[in-house]
Amino acid sequence: MNAHGEIQTAEVELLDSLTRGNEARVQELLHPEFVEIGRSGRRWTRAEIIDSLGREDQRPAPETDEWEFADLAPNIILVTYRLRAGTRQSRHSSVWDMSAGQARLRYHQGTVIPLEFQ
């Protein structure tokens, strides 16, 4: 599997409730310097995200499409995609680091798509 395929697989895995509830797996996927900017604009640290995901209720996995990949530097890849969960849609961007020989998420941001733009 190429780097883009590995990253897409890991990104989708992080959307799954079983993975989100597995602290050890989430720690493997999130880079030690991981940061997230949430839909509200709040900045989340790695520790806060790991704790929050571990307390989530089970939910159906959302659908994703419109995947795009941009190689920003050696081993650093920007990913964008659209997510659909029920009637909600959002656009997501992530920066993945492949320098350790595996996909590790360094940055993530999600933005809700208002109904008039869906």
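This is a predicted model: local features need pLDDT of at least 70, side-chain atom pairs count only at pLDDT 80 or more; totals for chains, interfaces and linings use all residues.
Figure 1. Strand β1 and strand β6 (residues 104–112) run parallel, and 4 bridges join them. Strands of a sheet pair through backbone hydrogen bonds, either parallel or antiparallel.

**Figure 2. The hairpin of β5 and β6.** On its other pairing, β6 is joined to β5 by 8 bridges, and these two strands run antiparallel. One place to look is R91, which stands opposite T111 in β6. Between β5 and β6 lie 6 residues, and the two strands form a hairpin. Within the turn, G101 has a positive phi of about 85°.

**Figure 3. The open sheet.** In what order do the 6 strands of the open sheet lie? The order is β2-β1-β6-β5-β4-β3, and the pairing is mixed. At the edges are β2 (43–45) and β3 (63–73), each of which pairs on one side only. On average, neighbouring strands of the sheet are turned by 15° against each other, direction ignored.

**Figure 4. Two helices on the sheet.** Helix α1 packs on the sheet and touches β1, β3, β4, β5 (88–97) and β6. The direction of α1 makes about 130° with that of β3. Helix α4 also packs on the sheet, where it touches β1, β2 and β6. Its direction makes about 85° with that of β2.

**Figure 5. The largest nonpolar core.** In soluble globular proteins, nonpolar side chains tend to be buried together. Here the largest nonpolar core has 20 residues. Which residues have the most contacts inside this core? They are I7, L30, V79 and W96. At least two core residues come from each of α1 (3–15), α3 (23–29), β1 (30–37), α4 (46–54) and β4 (76–85).

**Figure 6. The surroundings of V79.** V79 is among the residues with the most contacts inside the largest nonpolar core. Neighbours within four places in sequence are left aside in this view; beyond them, V79 is in contact with I7, W67, E68, F69, H92, S93, S94 and W96. Two of these contacts, I7 and W96, are named with V79 among the residues with the most contacts inside the core.

**Figure 7. V12 in helix α1.** V12 has its place in helix α1. V12 and A61 are 49 residues apart in sequence, while their C-alpha atoms are 8.6 Å apart in space.

**Figure 8. The whole chain, for orientation.** The chain has 4 helices and 6 strands. From the N terminus on, its elements run α-α-α-β-β-α-β-β-β-β. The radius of gyration is 14 Å, close to the 13 Å that the globule rule gives for 118 residues, so the chain is as compact as a globular protein of that length. Along the principal axes, the C-alpha trace spans about 40 × 30 × 25 Å. Of the 118 residues, 35% are buried. The chain exposes about 7,000 Å², and carbon and sulfur atoms supply 50% of this area. Among contacts with a separation of 6 or more, 43% are between residues 24 or more positions apart.

Methods. Residues are numbered from 1 along each chain as its sequence is written. Side-chain values use heavy atoms; hydrogens and water are left out. A nonpolar core is a set of buried Ala, Val, Leu, Ile, Met, Phe, Trp, Tyr and Cys residues joined through side-chain atoms within 4.5 Å. Buried means under 20% relative accessible area, exposed over 50%, partly exposed in between (1.4 Å probe, protein chains only). Contact means heavy atoms within 4.5 Å. Two strands pair if DSSP finds at least two bridges between them. Axes are lines fitted to C-alpha atoms, for helices over the stretch in contact, and angles run from 0 to 180 degrees between N-to-C directions. The radius of gyration is taken over C-alpha atoms; the globule rule is 2.2 Å times the number of residues to the power 0.38. Accessible areas come from the Shrake-Rupley method with a 1.4 Å probe; for residues, only the protein chains shown count as cover.
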